[in-house]
Amino acid sequence: MIKKYIEEVTARREKVLSIFLTAGFPHKNDFVHLAEKVLQAGADMLEIGIPFSDPLADGPVIQYSSQTALENGVTIQDAFHFAEEIRKKSDKPLIAMTYANIVSNYGIDKFVTDASLSGFNGVIIPDLSLDEYDKFITFQKEDFDIILLATPTSSEKRIIALDEKSKGFVYYVSVTGTTGTRNGFTNEDISAMQKNRKLISQNKMLAGFGISSAENILQIQDFCDGVIVGSAVIKKLINNESYDSVASFVSELKKTCRIRE
Amino acid sequence: MEKKNYQFPDAAGHYGKYGGKFVPETLIAPLQELEEIYQLVKDDPSFQFELMQLHKDYSGRPTPLTFAGRLTKHFSKAKIYLKREDLCHTGAHKINNALGQILLAKKLGKKRIIAETGAGQHGVAVATVCAKFGLKCVVYMGEVDTQRQSLNVFRMKLLGAEVIPVTSGSKTLKDATNQAIRDWVTNVKDTHYIIGSVVGPHPYPMIVRDFQAIIGYETKEQIQQKENRLPDYLVACVGGGSNAMGIFYPFLNDKQIKMIGVEAAGYGLNTTKHSATLTLGREGIFHGMKTYLLQNKDGQVEEVHSISAGLDYPGVGPEHSLLKDISRVKYVSVTDDEALEATKLMTEREGILPALETAHAIAYLNYLMPSTLKNEIVIVNISGRGDKDLNTIIENLGKTK
């Protein structure tokens with residue numbers, strides 16, 4: 001479903017805009033409202049982070065939001081509930097993002113089943129490497145995608161293997177580092193992205209990590225099928241900006257995604 | 001002849017169902033590179049010679065195996081020997097791994113070294129080898145630990161290291177490790193991460209174990225010389241578990257030898273303030289490995305406690321998880337108070353001030369010794385010395401008086 005949706009967007013010669021929100025952040029009670037606003041403002045997909053106490057792929061911004069969400073008492077069940085509510089009003093892809101321990105603790109069979117029933121279309125597990133994939137993913141469903149990440153340090157052989165295994169799309173980590181700690185791209189980052197995109201043939205490639213503005217999108221949009229923005233949005237929420245202001249930021253990003261070459 | 005020899009990890013870095021590589025994709029390439037280099041140097045005589053020279057001339061190995069006469073008399077049971085890692089340069093076994101890994105970093109051509117530290121002993125060891133080899137050193141340390149181990153913070157700075165206090169989460173070792181991993185993901189091109197225990201993604205648990213195994217190999221030779229036989233018991237404290245793996249590993253195929261790993265029970269196992277991972281934890285995925293983990297019902301990692309910063313860790317090396325499951329090693333725990341009492345006992349009876357981590361192993365002798373026989377031999381790994389803990393000891397012994 002995710003793949004088909006991405007193909008529809010790119011067929012219009014637009015770039016996909018995926019927005020990351022931490023489940024239950026900044027508040028548990030109106031999170032669904034925030035998510036709906038973000039989708040209405042033009043996000044093509046939503047990634048919902050299920051908080052983990054030790055998010056080692058995340059920079060300080062998402063660490064803070066995860067910690068706050070945990071303090072707000074947000075659980076995996078809450079995240080499923082949010083997805084259920086959002087799904088009532090939107091057909092756009094919803095993707096869960098969480099760490100391996102949260103999934104294995106819940107049980108992979110149960111996770112895939114419950115996440116899918118609640119309206120999620122797939123999951124991104126940043127610390128599940130290809131090396132552990134087969135032992136870990138012992139249960140799958142046709143309509144629930146396990147999305148894998150490729151990085152500038154991945155070998156060519158590995159990128160091809162990741163592309164073969166990944167479903168929905170390939171999440172390209174555009175810079176080395178954690179989420180939200182870099183702003184913009186060096187020529188080296190961009191040429192690595194260009195080179196790696198050529199290796200990805202089974203999936204569309206969305207780029208994430210280090211994308212925080214329309215300028216950043218303009219820098220890389222010729223070399224990917226879409227972008228993922230997380231920390232820049234969360235930062236606005238941390239700074240107590242209104243949901244309307246977050247929504248207009250999302251609209252502005254999506255506008256940039258519509259600029260055709 | 002043993003029918004079946006112990007041989008872990010497998011090629012993918014698994015210890016039974018434990019271990020593995022649960023890390024962001026960015027780190028897969030440097031982990032592979034590290035493993036390749038390690039496999040090359042492992043059997044390279046010139047590398048091993050260089051490392052042995054450093055152990056000997058810089059660190060002061062072999063460390064003695066000391067007969068603890070008055071402690072033996074105290075229990076009037078089996079003979080007690082102490083493997084004296086406290087006499088290593090920098091005061092703990094941590095230097096064994098730091099020296100091995102700094103040579104690996106040189107082979108890898110990395111110019112910048114990062115490390116995490118709890119008690120500060122690993123941080124000091126890494127800062128020391130970086131000073132010796134002229135490499136830039138950054139040490140991540142939980143803010144809570146920088147306060148209770150301020151002497152070691154000062155030592156690291158004196159050695160030229162940059163010490164970065166970590167303020168996220170519980171502000172202790174687990175958070176320092178998260179931050180070190182995040183640094184490594186970011187600076188992977190020029191940086192080598194010297195992890196301090198037998199934890200983390202493959203190949204780290206294997207590499208650190210192999211570098212620490214010198215403790216056990218020496219012990220084996222020394223006890224043969226002194227007693228013309230192998231010991232009956234080996235006792236070591238377990239936080240991440242590197243000193244324990246170091247002394248246990250060379251004896252794993254000697255099936256008659258009983259091995260005991262002692263965890264920190266903190267305020268007690270019936271409280272939430274302990275670090276007894278193998279005793280009370282369950283399977284989880286943390287810091288790149290599958291292993292026993294102290295976690296709540298949702299899979300969130302628990303905040304743990306031990307009077308010794310070095311044992312204050314919610315995970316444990318994956319090989320220990322396997323050794324527990326196959327019942328090769330028995331894992332037990334003692335409380336903060338028991339460790340403090342043991343510190344006094346060892347100091348008064350043997351004139352050796354042990355680290356608070358080590359004191360946990362010593363404290364278990366109260367439970368072990370009554371069941372031993374006079375003609376048996378117990379060896380305790382004295383993993384480090386206690387000078388760094390004087391502040392904590394003064395505060396706490398003062399309280400109980």
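Three salt bridges are found across the interface of chain A and chain B, a salt bridge being a side-chain nitrogen of Lys or Arg within 4 Å of a carboxyl oxygen of Asp or Glu. This is a predicted model, in which local features need pLDDT of at least 70 and side-chain atom pairs count only at pLDDT 80 or more, while totals for chains, interfaces and linings use all residues. Residues are numbered from 1 along each chain as its sequence is written, chains are lettered from A and ligands numbered from 1 in the order in which they are written, and side-chain values use heavy atoms, with hydrogens and water left out.

**Stop 1: the interface**

Select Asp54(A) and Lys174(B). These two form a salt bridge, and their closest N and O atoms are 2.8 Å apart.

Now widen the selection to the whole contact (heavy atoms within 4.5 Å). Chain A gives 37 residues to it and chain B gives 36 residues. Between them the chains bury about 2,800 Å², with 47% of it on carbon and sulfur atoms; buried area is the accessible area (1.4 Å probe) that two parts lose on being put together, summed over both. On the chain A side, Asp54(A), Leu56(A) and Glu132(A) lose the most area to chain B, together 22% of what that side buries.

With both residues at pLDDT 80 or more, 24 residue pairs are in polar contact across this interface. A polar contact is a pair of N or O atoms within 3.5 Å; within protein, one must be able to donate a hydrogen and the other to accept it, and residues adjacent in sequence count only if both atoms are side-chain atoms.

The elements giving two or more residues to the side of chain A that touches chain B are helix 3 (60-71), helix 5 (100-106), helix 7 (130-136), strand 5 (145-150) and helix 8 (156-165). Helix 5 of chain A supplies the largest share, 5 residues.

**Stop 2**

Select strand 5 of chain A. It is largely enclosed by the rest of the structure, because 6 of its 6 residues are buried; buried means under 20% relative accessible area, exposed over 50%, partly exposed in between (1.4 Å probe, protein chains only). Asp145(A), Ile147(A) and Leu149(A) lie on one side, Ile146(A), Leu148(A) and Ala150(A) on the other. Ile124(A) has Ile147(A) as its bridge partner.

Move to strand 2 (residues 45-49) of chain A, where 5 of 5 residues are buried. Strand 1 (residues 16-22) of chain A pairs with strand 2 in the parallel sense over 5 bridges, and Thr22(A) stands opposite Gly49(A).

**Stop 3: backbone details**

In the loop between strand 1 and helix 2 (31-40) of chain A, find Pro26(A). A cis peptide bond joins Phe25(A) to Pro26(A), with omega about 0°. In chain B, the peptide bond from Phe8(B) to Pro9(B) is also cis, with omega near 5°.

Finish with Asn228(B) and His287(B). Asn228(B) is not a glycine but has a positive phi of about 60°, and it is exposed at a relative accessible area of 64%. His287(B), also not a glycine, has a positive phi of about 50°; at 3% relative accessibility, His287(B) is buried.

Note on methods
Helices (H or I, at least four residues) and strands (E, at least two) are DSSP runs, numbered from the N terminus. Two strands pair if DSSP finds at least two bridges between them.
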